[in-house]
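I opened my notebook today to look up salt bridges. Here is what I wrote down along the way.

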Amino acid sequence: MNIINIENVAKVYKVGSEEVHALRDISLRIDKNEYVAIMGPSGSGKSTLMNMLGCLDTPSSGKYEFTGSNVSQMTDNELAKIRNKEIGFVFQTFNLLPRSNALHNVELPLIYAGMHSTERKERAQEALESVGLGDRIHHKPNELSGGQRQRVAVARALVTRPSIILADEPTGNLDSKTGEEIMLLFNQIYEAGNTIILVTHEEYIAEHAARIIRIKDGLVESDEIVAKRYIPKVKVAN
Amino acid sequence: METIFLEIKEAMFIALRAIQANKVRSILTMLGIVIGVASVVLMTTAIKGIDNSFQKGMSALGSDILYVDKWAWFTNTDWWKMRNRRNMTMDEYNRFKDLVKLPSATAPTTTTRQVVKYQNKKVDGVFINGSTADYLKTTNFTFAQGRFYSDIEGKGSRYVAVLGSEIAKGLFPTENAIDKIIKLGGQNFRVVGVLDEQGSFILGSFNPDRQVFIPIGTIFKSFTSQSFGTITFNVKAPSPTLVEETKDEVESAMRKVRGLKFDEPNDFSINQQESLKANIDKIVGVIQIAGLFITGLSLFVGAIGIMNIMFVSVKERTKEIGVRKAIGAKRRTILGQFILESSFICLFGGLIGLLIAVLLSMAVNQVLPTSIQYDSVILAISISLITGVVAGFAPAYTAAKMDPVDALRYE
């Protein structure tokens, strides 16, 4: 089943009087339970594509269908709703709320979804347990290690049971061992039937995915299935 | 609907934590609102207090009493013109008294200031009121002990005295005052009565609580020459509805007594409590407007402070706003969050201001009997909430319309 269907999408920014073509003409489809890596050097339009896939931004032209509905025509509120229900973000810098504990951070998307307290707490607890942080729910971000923070962020992305997990350089701020742990976690999530889109510029990170899309100068340079996927084997330590 | 409720709850939670995280900053910001609200509450309370005391003082004087006097209480006439008027005398009073038919009572009064002593206790500068037994009818006095001096004592210019409550307290803190001999400016007087507490501070020396009442003839015998000072005629209208008619009759009687021709202006004044009230109302009005202006200004300055700090807060939390938007916060959610935050700061400020006002009003209460009313509490809370919403709106709006992509990229 098609989750994402992009046809001839372009994005033009105006910087002063100059027009910057961040995306020129991109078409791609992503199906359910795919594990896709989007790669490209900086300035390739990779970030713009990610923002668009995450419904944070809308294309200047072309069509973007997300689970069958046309995102290009949506209002701010509708976009917010899609982001809330259908997309789970994982950022390079974790982006947790510093003054809230792990549980509240994970609960937040459910609050915006209007879920009741009891159910919400249960779901958040469950999500934290699934990333191996069941015993850290009352810790604030500054009381957690980098890897643990990123796992809270993953739990926050998973808690709404979204259609896609969108991870932007999720290992960029982690040492390689902790990074591997996170990649192992992603692998588990993928194997549980989720769809993951991974944005990275590191070849060895991209190789965890099943499909690599390379972007250059606002165009799709290549789109291929990974012949020999790298499956992480590090044991997850709490 | 439920989503909105949840969002409000979340916003309250965020707001409280944001305030908690920046305690010093929030407290400094609150200061403007604290001062503003405290002054609003204190001002309304003080005005209420002045009003209450005035009402109380007025009812002691009685609203249906006319005071015929050489001097007008409030007037545009030049002071020197009134100074040149003839003094009012006892002879004139006796003729006047026979001419008027409407009044239910009339009494001539004069005053002098004397030291009052009893044994080793003394009170300085006491107003000694000299009148006749009918004076009592032109007041609403009630007695703690004894009675007013009688008609016989009055006409006979006896050395008898009725004490105002404060004077009695000063001279006889523990003893019974009745039949004690006190000294007024060196003369012995027998105390025949003590008044209940009557008036209020607002009347100053004219407060009956701080006066001593003796027969008018005794004043002339002992203290002032009859040919020297001027006296006032107190005239009681038969009923409050007949005050105007009584005033007309008093005026024509006085003109007759004075032998004024039809084209000559009155060389006396008829004073009334009404004019006193009108004047006090005018003063209170001015205080109110000035107070409103000053408190409005301090609230305005406070609101600017809040707005400023909210802009800083929005800027500081740009990334947080981006994250919240990325995970599904709508514009109105962000808007509500920041408006609630500024409302909370203001509400805290308002409550602290209210507390300060309550404490200060307890101190003020020693001089000006007053108490904080429920409506001032409601006023304080609503003013601070409105300030919070108004001051928070612009910063909150800036936050709400931020682009999530830019906000997330902000470092």
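**Notes on salt bridges**

I began with B:R324, which is buried, its relative accessible area being 2%. For my notes, buried means under 20% relative accessible area, exposed over 50%, and partly exposed in between, with a 1.4 Å probe and protein chains only. This is a predicted model, where local features need pLDDT of at least 70, side-chain atom pairs count only at pLDDT 80 or more, and totals for chains, interfaces and linings use all residues. Residues are numbered from 1 along each chain as its sequence is written, chains are lettered from A and ligands numbered from 1 in the order in which they are written, and side-chain values use heavy atoms, without hydrogens and water.

Next I asked which side chain B:R324 meets in a salt bridge. I found B:E320, at 2.9 Å from N to O; a salt bridge is a side-chain nitrogen of Lys or Arg within 4 Å of a carboxyl oxygen of Asp or Glu. B:E320 is buried as well, at 12%. Because they sit four residues apart in helix α10 (residues 318-326) of chain B, about one helical turn separates B:E320 and B:R324. I noted that helices are DSSP runs (H or I, at least four residues), numbered from the N terminus.

I then turned to B:R409, which pairs with B:D406 in a salt bridge with the closest N and O atoms 3.9 Å apart. B:R409 is exposed at 56%, while B:D406 is partly exposed at 46%. Elsewhere in chain B, salt bridges with shared partners join B:R86, B:E92, B:R258 and B:D267 into one network.

My last entry is the total: 30 salt bridges over all chains.

Conventions
Helices (H or I, at least four residues) and strands (E, at least two) are DSSP runs, numbered from the N terminus.
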